[in-house]
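Hello,

Here is the structure I promised to pass on to you. Please open it alongside this email, and my notes on what was found follow below.

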Amino acid sequence: MKRRNFIKAAGIAGAGAGLLPGSLNLNAATFRKEKKPTPICIATWNFHEASKTAGELLYKGTSALDAVEQGVRIEEANLKNTTVGNGGAPDRDGNVTLDACIMAPSGDCGSVVYLKEIEHPVSVARKVMEETPHVMLAGEGALQFAIQQGFQQKNLFTKESEKAWKEWLKDKEYKPIINIENHDTIGMLCLDDKGDIAGACTTSGLAYKMNGRIGDSPIIGAGLYLDNEIGGAVATGMGEVIMKSVGSFLIVELMRQGKSPQEACEIAVQRIIKQNPNYKDFQAAFIALSKNGEIGSYCIHEGFSYVKFQDRKNTNTPSKSYL
Ligand code: SD4
């Protein structure tokens with residue numbers, strides 16, 4: 001059964017129950033809605049091709065949801081990016097397993113975890129959102145669903161990743177690298193010309209993770225969250241600490257209470273620092289976009305940056321950091 005019919009059949013449609021996201025938030029949200037934004041796309045790191053692709057689509061009138069999907073697909077297909085999609089680093093047993101999610105302005109979302117052999121997990125996540133009564137599919141079931149939906153299976157383990165993995169096997173030391181070659185997981189938020197926000201996050205997870213490990217990136221609220229009346233947030237870095245803080249949800253809720261995206265990102269990172277005395281050993285970074293186009297970004301270690309496409313051009317901005 002398709003999701004919409006399922007929701008109707010279950011009699012839990014948000015409008016009827018008065019439960020539409022953000023419907024009780026009259027203060028910050030109402031204020032922020034007054035200013036009509038121009039389209040804008042922001043993404044973690046300097047993924048300029050991805051942000052340009054999404055941004056140009058927004059300027060052509062494409063919806064935020066279509067733009068984020070098309071934008072992050074660029075990195076999923078980029079073989080040089082060893083932390084997303086095809087060419088992503090494997091787990092310690094040599095499995096390339098992908099995690100991704102997508103969230104629509106309606107509050108609908110879809111996610112896949114531990115997905116193998118499919119180059120574009122974000123598009124499978126979108127199908128989960130639109131074609132199933134569920135939010136998240138994992139592993140074998142997610143793969144079966146993807147194949148049913150017409151996605152092609154392919155080997156995502158490149159010669160280069162295999163060589164690097166074999167090198168890693170010599171010492172087998174699990175030590176996630178901070179700011180991997182200045183790129184990493186892609187998280188993206190788009191605001192379209194109707195003022196709607198959508199987001200996506202996609203990754204191969206931390207290199208040489210345990211078989212079966214899932215990070216924050218496909219977890220709604222952790223790696224990505226948005227409320228179309230307030231704004232959105234996405235994360236990159238050590239998934240375990242981002243999950244423990246439910247960081248993206250926290251940022252959106254702080255924005256709802258009137259914090260700027262910058263203040264909200266800083267509070268979320270400070271929460272992680274407080275929860276984790278070993279915070280110097282890992283990176284955690286957030287970017288956030290409010291309904292009126294304001295941006296925030298904060299991380300633990302310097303070296304993280306975000307890219308913004310606005311006024312038809314990309315700008316890469318180094319993030320403020322705690323250390
Ligand atoms: C994860 N947050 O799987 C992702 C990976 C990442 O820097 O962003 N690495 O934990």
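Let's start at Glu130, which has a relative accessibility of 33% and so counts as partly exposed; buried means under 20% relative accessible area, exposed over 50%, and partly exposed in between, with a 1.4 Å probe and protein chains only.

Two notes on reading the model before we go further. This is a predicted model, in which local features need pLDDT of at least 70 and side-chain atom pairs count only at pLDDT 80 or more, while totals for chains, interfaces and linings use all residues. Residues are numbered from 1 along each chain as its sequence is written, and side-chain values use heavy atoms, with hydrogens and water left out.

Side chains of opposite charge can pair when their charged atoms come close. Here a salt bridge is a side-chain nitrogen of Lys or Arg within 4 Å of a carboxyl oxygen of Asp or Glu. How many salt bridges does a search of the whole structure find? The search gives 11.

One of them joins the side chains of Glu130 and Arg126, at 3.0 Å from N to O. Both residues sit in helix H6, 4 residues apart, so about one helical turn separates them. (Helices, H or I with at least four residues, and strands, E with at least two, are DSSP runs numbered from the N terminus.)

Arg126 also forms a salt bridge with Asp66, and their closest N and O atoms are 2.6 Å apart. That pair links distant parts of the chain, with Arg126 in helix H6 and Asp66 in helix H5 (residues 64-77), 60 residues apart. Is Arg126 buried or exposed? Arg126 is buried, because its relative accessible area is 13%, whereas Asp66 counts as partly exposed at 31%. Together, Asp66, Glu69, Arg126 and Glu130 are linked in a network of salt bridges.

Ser123 is found in helix H6 (residues 121-131) as well. With a relative accessible area of 5%, Ser123 is buried. Its side chain makes a polar contact of 2.7 Å with the side chain of Arg73; a polar contact is a pair of N or O atoms within 3.5 Å, where within protein one must be able to donate a hydrogen and the other to accept it, and residues adjacent in sequence count only if both atoms are side-chain atoms. Neighbours within four places in sequence aside, Ser123 is in contact (heavy atoms within 4.5 Å) with Glu69, Arg73 and Phe151.

**Arg213 and Glu240**

Another salt bridge is formed by the side chains of Glu240 and Arg213, at 2.8 Å from N to O. Glu240 belongs to helix H9 (residues 239-245) and Arg213 to the loop between strand E6 (197-203) and strand E7 (224-227), so the pair ties together parts that are 27 residues apart in sequence. Glu240 is partly exposed, at 29%, while Arg213 is buried, at 13%. Apart from neighbours within four places in sequence, the contacts of Arg213 are Gly205, Leu206, Gly239 and Glu240.

**The five-stranded sheet**

In what order do the strands of the open sheet of 5 strands come? The order is E7-E8-E9-E10-E13, with mixed pairing. E7 and strand E13 (320-321) stand at the edges, each with a single partner strand, so one side of each has no neighbour in the sheet. Two strands pair if DSSP finds at least two bridges between them.

E7 and E8 pair in the antiparallel sense over 4 bridges and form a hairpin with 3 residues between them. Leu226 stands opposite Gly232 in E8. On to the next pairing: E8 and strand E9 (residues 284-290) run antiparallel and are joined by 7 bridges. In this pairing, Gly232 faces Leu289 in E9, and Gly237 stands opposite Ala284 in E9. Strand E8 (residues 231-237) is largely enclosed by the rest of the structure, because 6 of its 7 residues are buried.

Helix H10 (residues 247-256) lies across E7, E8 and E9, and runs at about 150° to E8. Helix H11 (residues 261-275) packs on the sheet and touches E9, strand E10 (295-299) and E13, its direction making about 20° with that of E10. For these angles, axes are lines fitted to C-alpha atoms, for helices over the stretch in contact, and angles run from 0 to 180 degrees between N-to-C directions.

**One more place to look**

Ala138 is found in strand E4 (residues 136-138) and, at 46% relative accessibility, counts as partly exposed.

Enjoy exploring!

Best wishes
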